[in-house]
There are 4 protein chains.
Amino acid sequence: MTVHTGRHFLQIPGPTNVPDRVLRAMDMPTMDHRGPEFAEIGFAVLSAMQRVFRTKQPVIIYPSSGTGAWEAAIVNTLQPGDKVLMCETGQFAVLWRGIADKFKLDVDFIPGDWRHGADLEQIEAKLSADKAHKIKAVCMVHNETSTACVTYPLDVRKILDTVKHPALLMVDTISGLGSLEYEHDAWGIDVSIAGSQKGLMLPPGLGFNAVSEKALAVAKANPGMRSYWDWQDVININKAGTWPYTPATNLLFGLKEAVKMLEEEGLDNVFARHKRHSEATRAAIKVWGLETQCQEQGAHSPALTAVRMPDGHDADAFRKIVLENFDMSLGTGLNKVKGKVFRIGHIGHFNDLMLMGTLSGVEMGLDLAKVPHRAGGVLAAMEVLKGRDAAQAPKAAVA
Amino acid sequence: MTVHTGRHFLQIPGPTNVPDRVLRAMDMPTMDHRGPEFAEIGFAVLSAMQRVFRTKQPVIIYPSSGTGAWEAAIVNTLQPGDKVLMCETGQFAVLWRGIADKFKLDVDFIPGDWRHGADLEQIEAKLSADKAHKIKAVCMVHNETSTACVTYPLDVRKILDTVKHPALLMVDTISGLGSLEYEHDAWGIDVSIAGSQKGLMLPPGLGFNAVSEKALAVAKANPGMRSYWDWQDVININKAGTWPYTPATNLLFGLKEAVKMLEEEGLDNVFARHKRHSEATRAAIKVWGLETQCQEQGAHSPALTAVRMPDGHDADAFRKIVLENFDMSLGTGLNKVKGKVFRIGHIGHFNDLMLMGTLSGVEMGLDLAKVPHRAGGVLAAMEVLKGRDAAQAPKAAVA
Amino acid sequence: MTVHTGRHFLQIPGPTNVPDRVLRAMDMPTMDHRGPEFAEIGFAVLSAMQRVFRTKQPVIIYPSSGTGAWEAAIVNTLQPGDKVLMCETGQFAVLWRGIADKFKLDVDFIPGDWRHGADLEQIEAKLSADKAHKIKAVCMVHNETSTACVTYPLDVRKILDTVKHPALLMVDTISGLGSLEYEHDAWGIDVSIAGSQKGLMLPPGLGFNAVSEKALAVAKANPGMRSYWDWQDVININKAGTWPYTPATNLLFGLKEAVKMLEEEGLDNVFARHKRHSEATRAAIKVWGLETQCQEQGAHSPALTAVRMPDGHDADAFRKIVLENFDMSLGTGLNKVKGKVFRIGHIGHFNDLMLMGTLSGVEMGLDLAKVPHRAGGVLAAMEVLKGRDAAQAPKAAVA
Amino acid sequence: MTVHTGRHFLQIPGPTNVPDRVLRAMDMPTMDHRGPEFAEIGFAVLSAMQRVFRTKQPVIIYPSSGTGAWEAAIVNTLQPGDKVLMCETGQFAVLWRGIADKFKLDVDFIPGDWRHGADLEQIEAKLSADKAHKIKAVCMVHNETSTACVTYPLDVRKILDTVKHPALLMVDTISGLGSLEYEHDAWGIDVSIAGSQKGLMLPPGLGFNAVSEKALAVAKANPGMRSYWDWQDVININKAGTWPYTPATNLLFGLKEAVKMLEEEGLDNVFARHKRHSEATRAAIKVWGLETQCQEQGAHSPALTAVRMPDGHDADAFRKIVLENFDMSLGTGLNKVKGKVFRIGHIGHFNDLMLMGTLSGVEMGLDLAKVPHRAGGVLAAMEVLKGRDAAQAPKAAVA
């Protein structure tokens with residue numbers, strides 16, 4: 001077994017590379033979660049998360065995975081039998097739907113081919129047709145991490161407004177928040193769902209819900225059973241800067257530092273950076289002659305890129321070669337694209353040279369794995385990073 | 001505002017002092033939770049936790065607080081309307097009961113005075129009377145952190161066996177595990193519930209369930225709604241060394257190191273140490289002329305001691321004086337003992353001199369807060385720590 | 001072999017307990033020591049150290065032990081054959097003298113009994129008698145770490161001024177700086193010598209010289225061989241915020257944070273704290289019926305206390321018992337007080353409860369080692385810490 | 001001012017990237033440097049360094065920069081007036097010579113053009129001619145960090161043996177040790193000089209001397225003045241696992257871990273890795289059409305590569321562009337190659353993808369700085385990293 005040296009390239013689309021500053025902030029003694037010093041931190045992270053979600057509404061922070069935050073969105077607002085509209089944009093939509101099933105919701109699951117964002121026309125059609133307003137919520141995934149396709153929440157909000165449908169708009173932005181533009185209030189989102197281990201640059205362990213006034217009212221009226229995930233319990237006690245149970249103190253220390261870093265860079269700069277890296281990645285893929293999983297122009301994710309393997313080649317065999325030869329973790333294809341897709345994360349604490357190391361590892365791996373491709377993808381990526389049109393890139397003319 | 005120097009004394013009964021080794025183990029880059037290197041860690045912590053619970057049965061590790069692990073125990077095994085037997089041993093019993101209420105269980109709550117362990121006679125009476133076996137579970141708190149009274153799970157197991165009652169035995173050992181003897185298998189526990197931030201010496205953020213074969217069978221047959229907390233989902237995927245969602249990677253790094261430390265010291269030595277510190281603390285309290293909250297000889301907790309304030313004195317005012325003057329956090333009195341009790345944690349990563357610093361801070365604080373007491377409690381504690389009878393301690397004869 | 005748990009009590013008089021904040025500041029990637037970001041840190045620590053030494057003159061920071069800073073003081077200002085006046089205040093005076101011997105200085109070493117500060121009368125007599133001004137420097141130890149006796153540099157400055165002697169005043173304040181009042185400029189010190197691992201709360205690895213204009217002029221005129229220690233080389237390049245060789249980057253990161261902490265507390269508060277802890281320690285010693293090594297009222301060190309063992313008892317056997325039973329490191333007796341003295345450090349990152357843990361460990365150790373003593377020293381110490389006269393302490397009346 | 005995100009690329013040829021494991025090992029409480037636990041660490045690092053130097057002779061570890069270790073080599077073995085032979089291989093040879101001058105040695109400095117290793121013919125001629133054996137030492141730089149040219153110590157040893165000259169062989173392997181093959185004993189080196197911040201992957205702050213029996217004997221007989229650097233003092237006290245002064249404890253913690261990492265990888269694998277990265281770097285440079293500073297085939301350094309800027313272009317302006325645009329620090333040209341050369345460090349804790357990020361940053365920087373070059377150097381480097389001949393690399397045919 002090879003012993004690796006240097007830094008591992010963690011280029012899965014989350015958990016992402018955690019900055020040293022964040023790790024060090026977490027590497028501090030735990031404190032009394034009922035004391036005055038903790039309350040300061042409690043208030044600080046709650047207000048920091050409001051700034052990140054761009055909301056004046058409450059944000060609930062759970063010691064949980066993002067999965068937990070999905071469940072929280074459901075159990076607070078919905079009851080068994082409630083009808084919800086979901087879109088099969090990819091694996092995370094499928095998983096969320098699975099939770100909805102477990103809580104006995106009546107899911108209208110608009111099918112998708114996993115290569116586009118949500119089918120807006122279908123959404124509009126379904127909502128228009130629902131004159132009785134049986135649909136209680138539209139549940140969408142902002143940045144589908146399994147396909148690297150984005151669906152824009154504002155597009156769905158506009159549909160709801162156009163057809164004057166009162167359904168709640170619930171958005172999973174687990175791998176979107178902190179990487180893609182997101183406006184909880186301005187876009188009229190009712191429930192936003194996020195996790196710590198993506199654009200927030202933290203280790204996994206925190207789940208988030210941002211909740212509109214309307215969602216809170218719905219929750220209040222909802223007699224469904226819940227305890228751990230109950231928004232109101234948390235919101236009430238958050239007023240004192242603490243939580244109804246022992247919060248994940250050290251992850252909160254890290255969260256404070258992570259948001260500080262995002263704000264030092266400027267959220268708009270953060271978003272622009274992710275877009276630039278996504279563009280550079282696609283420029284490389286184009287030269288390699290490979291296809292992105294996302295086929296919708298305008299829906300390419302700034303946070304990650306999913307790449308299709310040519311027929312007859314296994315994406316996981318390729319990933320293994322990359323891991324063993326270059327100590328880089330790439331994302332696996334999930335569910336129906338298992339073996340057909342690998343994913344390159346360019347999300348979170350990242351920069352141009354880390355991207356070039358990443359793309360070089362992919363290009364070398366394609367060669368070692370004997371995947372047919374054209375060399376020189378990295379040259380095209382460099383053009384983009386230099387601020388030029390990738391088409392200007394020198395072509396690699398294999399001798 | 002005073003700026004404090006030196007190390008804060010975190011003497012609440014959890015979160016406890018996290019060892020540097022554990023913090024440093026967590027202060028490492030997050031890794032791919034689906035990669036081979038992670039699987040090794042996954043297997044390692046699952047098996048480590050089996051050793052700590054002393055079980056061959058599965059242990060489920062949640063990214064959650066201990067509260068979440070309570071909820072998990074309930075939603076996996078019980079349904080609305082199910083009858084359970086609980087004992088009001090203190091605030092954590094009350095809180096757990098609250099969750100049971102939220103999940104619409106039919107709780108038979110045996111009252112208690114918060115100064116003893118569970119009422120074993122009542123438990124036996126209730127179980128004997130329940131010829132129809134309507135009681136589906138007996139839910140008890142091993143180490144009641146609000147009162148510092150212990151109830152021994154084996155005593156309850158013996159009752160169940162004696163009266164041949166098939167109810168599940170569910171034990172909250174959140175503040176017991178890793179500090180007090182605990183035998184999940186040998187004591188016939190069906191569901192054990194624990195958290196990371198007490199005897200396991202980690203920051204908060206992980207919840208645990210250890211589950212007997214019988215509990216698993218009950219869960220399998222239980223149609224109740226659940227997703228995040230579903231044991232079977234986790235157990236199935238744990239077989240590959242991973243989790244059905246992104247686990248709290250860095251807390252797991254810390255967990256591995258923490259169990260290593262417990263095993264280096266030897267679990268039996270760990271338990272003996274906690275008992276010794278508890279005895280030394282009570283020796284001091286006796287000299288001070290104060291009363292412990294726990295009135296049951298043999299039920300004194302090895303992990304913490306709750307002390308009653310003399311009438312006319314507020315425990316929280318005292319705690320504030322101690323915090324401001326000596327930079328030590330003591331545990332507050334909870335719920336019905338608010339203001340009447342303060343709690344001294346001597347749990348987790350702790351030693352004799354840390355205890356003496358702690359008790360000195362209490363003795364000085366009593367004086368500064370003008371709480372009537374006899375000086376010299378620290379001398380009695382030192383006798384115990386030296387391995388002698390505290391009664392040999394020099395008496396302090398105030399001039 | 002016992003495995004210890006909890007935090008080790010590092011109560012030697014240096015290296016001292018390093019704050020987590022300082023360790024974490026050091027636990028960051030090394031940077032380009034010739035880049036612009038480093039220069040900012042370079043300037044920051046140079047100016048921070050001027051504030052700590054209370055000087056507007058240059059401070060030289062060496063990657064070295066304190067020993068190196070002694071050597072630097074000598075080789076910059078003196079040549080073989082030069083006469084210097086030194087005082088045998090204890091082991092560190094002896095060691096410094098040893099360096100002077102190695103550099104072939106002509107040392108007039110005023111004898112001492114290791115239980116007092118420097119003999120000021122002798123200093124005055126020697127300087128008065130030296131009409132030819134053959135004495136080129138008076139070298140003194142501010143805080144004699146082997147005896148816990150202080151000599152006040154201002155007293156020596158006054159003598160020099162009174163007798164109008166032009167000798168340089170060189171002060172070793174290795175264990176004084178950051179714990180005891182110190183005024184490089186106002187007290188007319190020519191060369192101050194310090195190290196990182198005492199009151200500056202850093203790990204060992206940095207040595208310091210603060211140098212007066214006069215000392216710089218002497219150095220300029222001094223043809224003696226030197227390179228690594230040459231002040232002028234360092235001062236010249238420090239103007240660009242960097243060093244003539246690769247500086248100990250990460251220790252400088254820590255230094256910046258350590259001075260920040262000292263200034264947050266306020267240097268005057270830091271000094272007062274050390275005095276208070278010294279007083280509390282002596283109150284305990286008085287009750288125990290032991291003797292301090294320092295016999296000079298007014299010369300007791302605020303930073304540490306040296307305690308004499310009763311005849312027939314070995315200090316190192318006692319220290320071993322304390323280390324093995326209570327995981328506390330006490331300072332050993334050095335050279336001629338080997339076995340006769342142990343030393344309690346109460347220097348650096350320290351507080352009242354850490355002191356009480358420390359003194360409790362000593363009191364218990366005395367008992368276990370069967371050293372004759374009266375119990376209850378800790379009670380007297382607590383009186384001091386509560387802001388009262390230790391004489392008010394309850395007496396321990398052994399039954 | 002741009003706020004950078006992601007990891008800085010520290011590609012100066014030292015200080016090098018410090019592994020997280022090493023930083024974390026240093027991020028632990030300082031300990032009693034005279035206690036039994038420290039002695040274990042003392043012995044461990046002394047023996048670890050013997051393994052790294054490949055010697056059975058003593059290794060002296062100083063709290064110092066590498067500069068200090070040069071001075072140590074000189075003051076232990078030589079006296080004013082002693083003749084030494086040195087070779088102007090580059091800036092570090094010049095600096096070492098400067099120290100020799102300060103200690104009034106009679107330096108015969110064989111000139112060089114800074115583009116080759118030492119002039120072996122001249123060395124042989126000088127030694128042959130020195131029938132009276134006036135030359136007391138030959139001082140050479142193993143890996144000249146200013147030029148990236150290697151001189152092989154064994155070549156010089158062979159000359160000494162051939163001409164039967166008794167001069168000591170002193171080798172600066174500051175940037176060689178831990179990156180290039182090195183055999184203190186087998187190659188007959190008398191004094192080896194190293195530092196912590198290069199191949200040893202530590203922050204700066206430790207200097208090393210490995211010393212032959214012959215060197216020790218010479219030192220014993222040498223009456224020259226020295227104290228801090230005195231080998232014998234350190235060696236004597238090292239026998240007890242400690243040092244004559246407070247050692248740089250936390251850097252020693254890191255050293256133990258760093259050598260552990262080197263040995264896990266295997267020193268021979270470490271050396272092979274450095275060579276491979278050097279070859280890949282030169283493959284890129286060749287495509288770019290630039291020149292390496294080193295003109296001697298066989299003398300190219302495995303640890304770093306110095307690149308010449310085309311006439312009319314300033315290397316530091318280029319480095320600034322790279323730093324500002326890509327957050328990468330490259331090494332500056334020193335002294336007579338200031339502005340003409342930049343240096344790429346590929347030394348220490350490093351891997352293929354870090355190298356590709358580095359070379360991509362250089363290639364993009366050349367473009368942004370409008371330095372004439374051919375694109376596609378990165379493609380050639382990738383061929384080497386894939387284990388192929390760089391000549392197979394696809395050529396970049398600029399449109």
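Two strands pair if DSSP finds at least two bridges between them. Helices (H or I, at least four residues) and strands (E, at least two) are DSSP runs, numbered from the N terminus. The structure is a predicted model, in which local features need pLDDT of at least 70 and side-chain atom pairs count only at pLDDT 80 or more, while totals for chains, interfaces and linings use all residues. Residues are numbered from 1 along each chain as its sequence is written, and chains are lettered from A and ligands numbered from 1 in the order in which they are written.

**The sheet of chain C**

- Asp172(C) stands opposite Ile193(C), a residue of S9(C).
- Strands S8 (residues 168-172) and S9 (residues 191-195) of chain C run parallel and are joined by three bridges.
- Chain C holds an open sheet of seven strands with mixed pairing, in the order S2-S10-S9-S8-S5-S3-S4.
- Its edge strands, each pairing on one side only, are S2 (59-63) and S4 (106-110) of chain C.
- On average, neighbouring strands of this sheet are turned by 20° against each other, direction ignored.

**Helices across the sheet**

- Axes are lines fitted to C-alpha atoms, for helices over the stretch in contact, and angles run from 0 to 180 degrees between N-to-C directions.
- Two residues are in contact if their C-beta atoms, placed from the backbone, lie within 7 Å.
- Helix H3 (residues 66-77) of chain C lies across S2, S5 (135-141), S8, S9 and S10 (206-211) of chain C, and runs at about 160° to S9(C).
- Helix H7 (residues 213-221) of chain C lies across S8, S9 and S10 of chain C, at about 105° to S8(C).

**Contacts between chains**

- Chain A and chain B each contribute 45 residues to their contact.
- On the side of chain A that touches chain B, helices H1 (20-26), H3 (66-77), H4 (91-102) and H9 (249-265) of chain A each supply at least two residues.
- H3(A) gives the most to that side, with four residues.
- The residues of the side of chain A that touches chain B divide into 19 nonpolar, 18 polar and eight charged (Ala, Val, Leu, Ile, Met, Phe, Trp, Tyr, Cys and Pro count as nonpolar, Asp, Glu, Lys and Arg as charged, and the others, Gly among them, as polar).
- Five residues of chain D are in contact with five residues of chain B.
- On the chain D side of that contact, two residues are nonpolar, none is polar and three are charged.
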